[in-house]
Amino acid sequence: MDNPVISSNSGRNLQNTFSRLFAGLKMNDYQYSPLNGATGEIRLLTLLPGRFSSKIRIALDTALCTETEVPEFEALSYTWGSKADLVDIYIGDNRRLAVTQNLAEALRYLRHKKTPRTLWIDAICINQQDVSERSKQVKRMDDIYLKATRVVVWLGPEADDSTLVLELMAKLSSEVNVDRDNGRILPISGNRTKYYWADTREDQPFEDIHLSPILKLLARPWFERLWVLQEIYLGKENAIVMCGDQTIPWMSLNNAIYCMDSKPLPYPDFHTFDPMLTRISETFDARHNIPFFNLINSTQHCKCLDPRDRIYAIQSMMTVQERLGLEPDYSKTVLEVYQDVFLRHIDDKRYLHLLADAGITKENDWPTWVPNWSIPRTSVRLTGWCGSSESLAITEFKDGELNVTGVSVTAIKLAVPFYKWNNFVGDRMRELRRVLSCCGFTNQLDYNSTQIRAICETLCGNNFEESYQPRKSGCSTLKEAEGVVRKVINSPHDSFGFIGDTGKLDFLLRASVSCNGRAFVILENGHVGLAPSSAQVGDIMTVMLGFDPAMILRPNKNGTYKVVGEGYCQGVMSGEALLGPLPGNFRVVEKRHKSGWITWAYHDDDSGLTHVEDPRLGPLPAAWKRKTHNSMKRWTWYVNDETGEEFKHQNGDPRLTPTVLKEMGVDLKCKVHGFLSGDNVVVL
C-alpha cells in the first residue's frame, strides 16, 4: 500500500491533498458509500472480463471479512506510481474513478478474457478521501492480506529482458534449497556436477550479459517500497510475482535473490550490484516476531509517501506486544506519532535503544531526543558495546522535556569529521591517515600498543574476531587491525604498499562503515572516541542507564542539553563508567549460543572461562535471589521474594539500580560546565 500523501508536520492537510488528487468530481464520478466497520465490512472489486485494449470495467461491492466469514479474493501488492495523468476506470453504470497509470496498466494484465476476477486493491477498495475510513482500514491491512486467497505482486510491464530474468531466477531456485534459519544453501540434485548452484564460493551461475537485466529488474520501484514488505510477509506461500505476462512464485524469486547475494560477483558490477542484492535479501528476509528496534532500522531505506507510515506500515510484522498498543491515526502529526512511539518504547522496554536514531540534524526542527525516522541515517548504528552494563533506563517525560539518568564522562577537545569513504583500499587508507594526522597521530611519534589498540577499537567499534565467543571467523583480529593502523600512521607519502590479507581488508571495510558520517574525537581526558559529524568542541560524552553506546550531549545555557547523537568513548564501553575497570584479564564478549541467542558475557583470558554475570558486581541486595531455569548458561533470572519484582533475559539487574549504584559510590550526577541537573540529565 502506498498512500498518496506527503505530510511533514501535520495530518491536517491530508484532506486537502486528497481533494487535489481527486479534484474535479462530476455527477458521473463514482461516490463511495460508507463501510460498516462494526460488522467487519470491506470492499472487493470484481474485475470484469474483456480484451486487453478495452476500457477497464469493475464492480465494487461490500463483503463481510471476519473470522467466521471469509470471502475469496486476491490481494494486489504494487506501487501507486505517479499521480500525474490519472486514468479513468468505470464502475457499474459508467461511474468513473481516477486511478494512477501504473494501477490501470496492472488491471489490464490482471484481467481475464472470459471470466471475472475478484481483487482487493487499496487505492480502489479504500475511500482515499475519507481520512477516518483510511485510518480504520489501515488497521485491517494485516487481516486482509492474511485472509486473501493469494497475494499477487505487480512489478510492471515486460521491459529490459525481464521475461528472461524471471526464467533465470526460476532455474536457479529450482536447483537449490535455501535454509535461512541456519544460513545455508543446499543443492537439490544429488549430482555433484551441479553443486556449483549452491556453493557460495562459486561465481554467479549466469553469463555476464545477464547481470544488467537482473539489476534493472531488481531496481524496479516495488522492491524499495515500504508497504509491500508487510503485504508479501503476510501473504501465503502461494504468492506470485507478475512482470508483464510472465509470472514466478514469490518464494522462487526470493530464494534466487538470497542465493545470488551469497555468491561472489564480477568486479565491474560489484559496487552497484552487491549493495542492492544485500539490501533486498535482508529486507525481504522477514522473520516472525521482529523487534521494533531492528525493524525500524532495516526498513529505513524503503520509500513511503507519508512519513507516519514508517511506523504504521511495519506494525503487522511485529508481535502484539511489540506494537505497544499503537494504532494508525492519520489525524496526528508526524512528530506526535514518532514521539508517542519513542515514549511507549521506553515505558515498555525500559531501554533507551531508540535514542540511537535521535540527534541534531540540519533537516530537523523538533526536539533532538525524538528520532526523525523520515530522514535516512547517514551512519550505521553503533553496536558491540555495553557501556551501561545491564542497567535499565530511569526516565521522566514532563512539559516536552525528557529526563534521563546518566554519568558525565568528559568533554570533546577536538573533532575531525570523516569525509565520504571511497570503495578502494588506497583511498580508505588515505582518508584514515588524513583524520589521524589532523588528530596529531603522525609518523614522528612512537605509539605504544595501548594507544594503537585504542585507535583500532574506536575505528571499528571493537568488532574483532576475539570480540565474539566463540571467535567469529571472517572478522579481522586486533593484531591485524593494529598492523593496518601502524602502516597508515608511519608510511610516508601515501605509500602504503600492498595489503592483500583478508583480515586487514576486513578491518578497513568495517572501519569505513563505522566511521561514515562520524567524526574522530580527542577527549579532554586524553582518550579517543567517535561522535556524529555534527559534534563540536565542548560537547559532553556521557553514559546513560539503559543505553549501550556513549551519548554525546550539547549543554544549553539553562542547564539542559541537546542530543547530538550516539558515539564511542574509549575506556568506558564495557561498563567502566558505572562499575570501574574489569578485574584481571576479563573482557566483555558477544556470546553466540547454539540456540541462536546472542548475549553479553565476561571472558577470563587467564582461566579460559566465560561467565554470565559481571564479575564486578557484588552480592545481591536483600530479598533478591537467583531463580533456577533452563537457560542459566545464557542469562540470570533475579526475583525479589518480598515484592515479586523480576529481572530476566538480561533485562536489568537489581545491583544496577540508581539506589544501589549510589551506595557503591557511582556519581550519577552530571556536572558539566558548572551546570548541575541533579540525578537526571535533562535533554531537549
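R471 is the residue I will start with: at 49% relative accessibility, R471 counts as partly exposed. This is a predicted model, so please hear every number today as coming from a prediction. R471 makes a salt bridge with E466, and the closest N and O atoms of that pair are 3.9 Å apart.

P470 sits in the loop that runs between β14, residues 468–469, and α16, residues 478–490. For context, most peptide bonds are trans.

Back to salt bridges. How many salt bridges does the count come to? The count comes to 34. I will go through a few of them.

E175 pairs with K171, and here the closest N and O atoms are 2.8 Å apart. Which of these two is buried, and which is partly exposed? E175 is the buried one, at 8% relative accessibility, while K171 is partly exposed, with a relative accessible area of 38%.

Next, R554 and D539. Their closest N and O atoms are 2.9 Å apart, and they form a salt bridge. R554 is in strand β18, residues 550–555, and D539 is in the loop between β16 (528–532) and β17 (540–544), so this pair ties together parts that are 15 residues apart in sequence. Both R554 and D539 are buried.

There is also a network of salt bridges, which links D357, R377, R381, R518 and E566.

Now the whole chain. The protein has 684 residues, and 53% of them count as buried. In secondary structure, it has 19 helices and 28 strands. Its accessible surface comes to about 30900 Å², and 49% of that belongs to carbon and sulfur atoms. If we take contacts between residues at least 6 apart in sequence, 67% of them join residues at least 24 apart.

On to the nonpolar cores. The largest has 122 residues, and the members that touch the most other members are W120, I124 and I311. What does I124 touch, leaving out residues up to four places away in sequence? The list is Y32, L45, I58, L60, I89, L97, V99, L103 and L107.

N127 is in the loop between α3, residues 122–125, and α4, residues 131–139. Although it is in a loop, N127 is buried, with a relative accessible area of 12%.

Helix α15, residues 449–460, and helix α17, residues 502–515, pack at an angle of about 65°, and their axes are 7 Å apart. On the α15 side the residues that meet the other helix are C456, L459 and C460. On the α17 side they are F507, R510, A511, S514 and C515. Sorted by class, this contact has 6 nonpolar residues, 1 polar and 1 charged.

Then two backbone items. Most residues other than glycine have a negative phi. D160 has a positive phi, near 55°, and D160 is not a glycine. D160 lies in the loop between β7, residues 150–156, and α6, residues 162–174. Its side is neither fully covered nor fully open by our cut-offs: D160 is partly exposed, at a relative accessible area of 44%. A623 is the other item, with a positive phi of about 80°, and A623 is not a glycine either. The place of A623 is the loop between β22 (610–611) and β23 (624–627).

Last, Y602. Where does Y602 lie? Y602 is in strand β21, residues 598–604. At 1% relative accessibility, Y602 counts as buried. Y602 and P615 are 13 residues apart along the chain, and their C-alpha atoms are separated by 7.6 Å.

That is the list.

Methods
Residues numbered from 1 in each chain as written. Predicted model: local features only at pLDDT ≥ 70, side-chain atom pairs only at ≥ 80, totals over all residues. Heavy atoms only, no water. Axes fitted to C-alpha atoms, helices over the stretch in contact; angles between N-to-C directions. Helix = DSSP H or I, 4+ residues; strand = E, 2+ residues; numbered from the N terminus. Contact = heavy atoms within 4.5 Å. Nonpolar A, V, L, I, M, F, W, Y, C, P; charged D, E, K, R; others polar. Buried < 20%, exposed > 50% of the residue type's maximum accessible area, 1.4 Å probe, protein only. Areas by Shrake-Rupley, 256 points an atom, 1.4 Å probe, with all protein chains shown as cover. Salt bridge = Lys/Arg side-chain N within 4 Å of Asp/Glu carboxyl O. Core = buried A, V, L, I, M, F, W, Y, C linked by side-chain atoms within 4.5 Å.
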